[in-house]
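Dear colleague,

Please find the structure below for your records.

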Amino acid sequence: MTDSCLFCRIAAGTLPATIVAENAHAMAFRDLHPQAPVHVLVIPRAHVDSLAAASDAALLGETMALAAEVARREGVADSGYRVVTNVGRDGGQSVGHLHLHVLGGRPLGWPPG
Ligand code: AMP
C-alpha cells in the first residue's frame, strides 16, 4: 500500500469506488470514465506498478480469474468482451498500479488506437 497510489487507496477502502467483485488477492470496481457499457477495472490488492513489474504468477492468476468472473457477473461472458492492460507510456498507462480493463456490452473495434 502506498498513500500516493490511487488504486492502493481504493484497495484500502480510503478512496470510494463501486466494487463489483472481490477475491482474496484482487478486487474489481467500475471505471470512473467508462468507455463501454461494461467497463470494470480489476486490480491486485498488493501494489504492482504494471504487468512489466509483475512476478507473482499466483497473483496474476487470481487477478485474471477475477476478470473472467466480472464478465460473467456483468452478463457479457456469452456476447464477448475484452481484457486489456496498458503498460507504460506508449501503452497509455495513466495509473501506476497494475489493472485489467474488462470492456464489453458493445462490439469493440480492432486494432485499438
Ligand atoms: P490506464 O489509462 O490504463 O492506466 O487506466 C486507468 C483508468 O483508471 C482509466 O480508465 C480511468 O478512467 C480510471 N480511473 C482513474 N481514477 C479512477 C477512480 N478513482 N475510480 C475508478 N476509475 C478510475
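**Largest pocket**

The largest pocket has a volume of about 760 Å³. A pocket here is an open set of points on a 1 Å grid over the protein atoms alone, where a 1.4 Å probe fits, with protein on both sides within 12 Å along at least five of seven lines; lining residues have an atom within 4 Å of a point. The volume is the space filled by probe spheres set on the points, which are joined across faces, edges and corners. Among the 34 lining residues, D31, Q35, H39, L41 and H101 are the closest to the centre.

The model is predicted: local features need pLDDT of at least 70, side-chain atom pairs count only at pLDDT 80 or more, and totals for chains, interfaces and linings use all residues. Residues are numbered from 1 along each chain as its sequence is written, and side-chain values use heavy atoms, with hydrogens and water left out.

Helix α1 gives the largest share of the lining, three residues (helices are DSSP runs of H or I, at least four residues, and strands of E, at least two, numbered from the N terminus).

**Aromatic pair**

The whole structure holds one aromatic pair (ring centres within 6.5 Å; planes under 30 degrees apart are stacked, over 60 edge-to-face, the rest tilted). The ring centres of F7 and F29 are 5.3 Å apart and their planes lie at 75°, so the pair is edge-to-face. F7 lies in helix α1 and F29 in strand β2, 22 residues apart.

Yours sincerely

Conventions. Phe/Tyr/Trp six-rings, centres within 6.5 Å; stacked < 30°, edge-to-face > 60°.
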